[in-house]
There are 2 protein chains.
Amino acid sequence: MNNPSLYKGILRPIVIRLLEENGRMYGFEITQKVKAITNGKVKITEGALYPLLHSLEAEGILEAEQEFVDNRMRKYYKLTSKGKKVSKHSFGEITEFVLHLQNIFNLKLA
Amino acid sequence: MNNPSLYKGILRPIVIRLLEENGRMYGFEITQKVKAITNGKVKITEGALYPLLHSLEAEGILEAEQEFVDNRMRKYYKLTSKGKKVSKHSFGEITEFVLHLQNIFNLKLA
DNA sequence: TTGCATACCTAAGATTCTTATGTATATTTG
DNA sequence: CAAATATACATAAGAATCTTAGGTATGCAA
């Protein structure tokens, strides 16, 4: 991405939102999904993603299960019931955040 | 603000944008302006703002001049010509950032 | 067989913030 | 009039969140 520091603090809500919308995803899939949505502009680094997934699991927001596909390990994550509550709250925060940005920067978007 | 970590990395473009729109502001004024725009939700901390203003000045993006009003010191900042170029670039990045957020979070905003 | 894609992981360091504290003056309130 | 609140600047220690750089391993294409 152009300015990585803009995305500091955003990764956690991104992961939670993607899991809410897609039900079940593995780490590598999340990086590809974000890249696809943003036309290759936003690249989540593995050094940020994997530790985050582990801490979300430790917090009881996500639960994981491993599978082997084509002899390669995949660790699928999904929201727990606690995670679904957190997700609703997180989404509200993000919505407000974006509205604030539109006001502060006087953005006129489609 | 609700979730301060969302705003990590955003303060710098906020300051630049406000100075572009208002021409000339002092630190305390910037904190009040952001609070006003966001209905009291977003509070810029002084511990983040003042060091940032100093480093923007050191980078040649801002220039400062002191004044005394009611026997109290004010340090006014404005964009340099370099700062104005940086501002254009920064604004483009923020616009793209917000569009990405809308896509990632599937936001339907006014 | 070399490189690229997939798929996981961790550790050191950088960046950006919060929290806490300090200085000083002006105004409001009990 | 004393105390609290608002204005206005500043710095330092520590927390949070990321990047960079490295590691392991499999499958496929050139």
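Select Tyr26(A) to begin: this residue of the predicted model counts as buried, at 16% relative accessibility. Buried means under 20% relative accessible area, exposed over 50%, and partly exposed in between, computed with a 1.4 Å probe on protein chains only. The model is predicted, and local features need pLDDT of at least 70, side-chain atom pairs count only at pLDDT 80 or more, and totals for chains, interfaces and linings use all residues. Residues are numbered from 1 along each chain as its sequence is written, chains are lettered from A and ligands numbered from 1 in the order in which they are written, and side-chain values use heavy atoms, with hydrogens and water left out.

**The tyrosine pair of chain A**

Over all chains the structure holds 4 aromatic pairs. Tyr26(A) and Tyr76(A) form an edge-to-face pair, 5.2 Å centre to centre with 75° between the planes. Tyr26(A) lies in strand 1 (residues 25–26) of chain A and Tyr76(A) in strand 3 of chain A, so the pair ties together parts that are 50 residues apart in sequence. Rings of Phe, Tyr and Trp (its six-membered ring) pair if their centres lie within 6.5 Å; planes under 30 degrees apart count as stacked, over 60 as edge-to-face and the rest as tilted. Helices (H or I, at least four residues) and strands (E, at least two) are DSSP runs, numbered from the N terminus.

Next, display Arg24(A), whose charged end sits over the ring of Tyr76(A), 3.9 Å from the ring centre. For such a placement, NZ of Lys or CZ of Arg must be within 6 Å of the ring centre and within 35 degrees of the ring normal.

**The tyrosine pair of chain B**

Move to Tyr26(B), which is buried with a relative accessible area of 16%, and to Tyr76(B), buried at 11%. The ring centres of Tyr26(B) and Tyr76(B) are 5.2 Å apart and the planes stand at 75°, so this pair is edge-to-face. Tyr26(B) belongs to strand 1 (residues 25–26) of chain B and Tyr76(B) to strand 3 (residues 72–79) of chain B, so that the pair links parts of the chain 50 residues apart. Arg24(B) lies over the face of Tyr76(B), at 3.9 Å from the ring centre.

**The hairpin of chain B**

Colour strand 2 (residues 62–69) of chain B together with strand 3 of chain B: the two run antiparallel and are joined by 8 bridges. Two strands pair if DSSP finds at least two bridges between them. Across this pairing, Glu63(B) stands opposite Lys78(B) in strand 3 of chain B. The hairpin has 2 residues between the strands, and Asp70(B) takes a positive phi near 55° there.

**Around DNA strand C**

Select DNA strand C and the 27 residues that surround it, the closest being Tyr26(A), Phe28(A), Arg74(A), Thr45(B) and Arg72(B). A residue is near a strand if one of its heavy atoms lies within 4 Å of it. Of the atoms of DNA strand C within 4 Å of the protein, 72% belong to sugar or phosphate and the rest to bases.

- Arg74(A): a polar side-chain atom lies 2.8 Å from a phosphate oxygen of DNA strand C.
- Tyr50(A): an N or O atom of the side chain is 2.9 Å from a phosphate oxygen of DNA strand C.
- Ile10(B): a polar backbone atom is 3.4 Å from a phosphate oxygen of DNA strand C.

Helix 3 of chain A gives the most to the surface near DNA strand C, with 5 residues.

**Around DNA strand D**

Turn to DNA strand D, where Thr45(A), Tyr26(B), Phe28(B), Arg74(B) and Lys75(B) come nearest of the 27 residues around it. At Gly27(B), a backbone N or O atom lies 3.4 Å from a phosphate oxygen of DNA strand D. Helix 3 of chain B provides the largest share of the surface near DNA strand D, 5 residues.

**Last stop**

Finish at His89(A) in helix 4 (residues 81–105) of chain A; His89(A) is exposed, with a relative accessible area of 54%.

Notes: A polar contact is a pair of N or O atoms within 3.5 Å; within protein, one must be able to donate a hydrogen and the other to accept it, and residues adjacent in sequence count only if both atoms are side-chain atoms.
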